[in-house]
Each structure stands twice: as structure tokens, then as C-alpha cells.
Amino acid sequence: MLRIATFAAVAIALLPSDREQQQRLYERAGSTAEWVVTFCDRNSAACAKGSELWSQFVAKAEFGAKLAYDMIREHEASGLATSSLNLDQNKGRVAPALLEREGGTLTPLDKEPDWRGKNLNKNGI
């Protein structure tokens with residue numbers, strides 16, 4: 001909320017206060033909006049190509065979404081999803097992850113913290 005208020009305050013502060021400058025800004029904004037809206041009238045080939053590329057993109061996105069959805073459904077149907085989630089069979093909830101396995105690969109030296117630094121000479125400063 002504070003960001004929006006700050007942005008709005010900066011934008012308002014940058015607006016011109018002189019009537020002549022305000023009129024020029026208003027005219028430029030209107031002509032720019034008209035130029036953007038009539039782009040396809042002036043560049044029909046670019047718009048046609050853009051429309052073609054957009055339809056190809058949408059078709060590919062739909063195919064990718066359908067593929068992902070089918071793969072997830074197939075994965076769940078095969079029962080692999082329940083075993084990979086480590087479900088607690090008694091309660092139907094996800095069991096907590098094990099942080100360390102029995103007979104793990106860490107050595108006692110690996111478990112020692114190295115953030116304590118070296119022992120200092122207590123006789124000196």
C-alpha cells in the first residue's frame with residue numbers, strides 16, 4: 001500500500017502545473033493512444049503474423065498443460081504418488097521427513113560445528 005502511495009505521489013509530482021504544458025501532455029497522450037490502437041491498421045502484415053504466432057503459442061500451451069495433467073493423473077492412478085509422498089497409512093496424512101537415516105553417511109567430524117572459531121589465548125588482550 002505504501003509503495004502504491006509513493007508511486008502515485010511521484011507520478012503526480014512529475015505532472016506539469018502550467019496550463020500550456022498540461023494541454024501539450026494531454027494531446028501527446030491522446031495521439032500516442034490513437035497510434036497504439038491503430039497499429040494493426042497501419043501494419044496488417046505484422047498483426048497477421050503476430051496473430052498466427054499467438055495461436056501457435058496457445059495451441060502449444062494447451063498441449064503442454066494437457067500432457068502434464070495426463071501424466072499426473074497416470075502417476076496417481078498407478079499408486080506411485082502415495083508411496084512417493086510417504087503417506088502415513090493409518091491416518092492418511094503426510095509423515096514428516098526423516099532428517100537422518102539409521103547408519104547415515106555423516107561422520108562425527110561432519111557433525112561438529114565449525115562456526116565457533118579457534119580457541120583464543122585468554123592471557124592476552
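1. The torsion about the S-S bond of C40 and C47 is about -85°, and the disulfide is therefore left-handed. The model is a predicted one, and this handedness, like every other value in this note, is computed from it. The sulfur atoms of C40 and C47 lie 1.9 Å apart. The structure holds 1 disulfide.

2. C40 is partly exposed, at 42% relative accessibility. C47, by contrast, has a relative accessible area of 19% and is classed as buried.

3. As regards secondary structure, the chain contains 6 helices and 0 strands. Its pattern along the sequence reads α-α-α-α-α-α. Helix α2 covers residues 19-37, and helix α4 covers residues 44-77. C47 of the disulfide thus belongs to the span given for helix α4, because that helix comprises residues 44-77.

4. The accessible surface of the chain amounts to about 12,500 Å². Carbon and sulfur atoms account for 60% of that surface.

5. Which residues form the salt bridge? K66 pairs with D70, and their closest N and O atoms are 2.9 Å apart. A search of the whole structure finds 1 salt bridge. Side chains of opposite charge can pair when their charged atoms come close. K66 and D70 are 4 residues apart in helix α4, so about one helical turn separates them.

6. K66 is exposed, with a relative accessible area of 53%. D70 is partly exposed, at 33%. The label for K66 follows from the cut-off, because exposed means over 50% relative accessible area.

7. A nonpolar patch on the surface deserves mention. I12, L15 and L25 form this patch, and together they have about 300 Å² of accessible area. L25 is located in helix α2. The relative accessible area of L25 is 41%, so this leucine is partly exposed.

8. In summary, the points a reader may wish to inspect in the predicted model are the left-handed disulfide of C40 and C47, the salt bridge between K66 and D70 in helix α4, and the nonpolar surface patch of I12, L15 and L25.

Key: Residues are numbered from 1 along each chain as its sequence is written. This is a predicted model: local features need pLDDT of at least 70, side-chain atom pairs count only at pLDDT 80 or more; totals for chains, interfaces and linings use all residues. Side-chain values use heavy atoms; hydrogens and water are left out. Patches are made of residues with over 30% relative accessible area and no salt bridge: like charges are joined within 9 Å, nonpolar side chains (Val, Leu, Ile, Met, Phe, Trp, Tyr) within 5 Å. Accessible areas come from the Shrake-Rupley method with a 1.4 Å probe; for residues, only the protein chains shown count as cover. A salt bridge is a side-chain nitrogen of Lys or Arg within 4 Å of a carboxyl oxygen of Asp or Glu. Helices (H or I, at least four residues) and strands (E, at least two) are DSSP runs, numbered from the N terminus. Buried means under 20% relative accessible area, exposed over 50%, partly exposed in between (1.4 Å probe, protein chains only). A disulfide is a pair of cysteine sulfur atoms within 2.5 Å.
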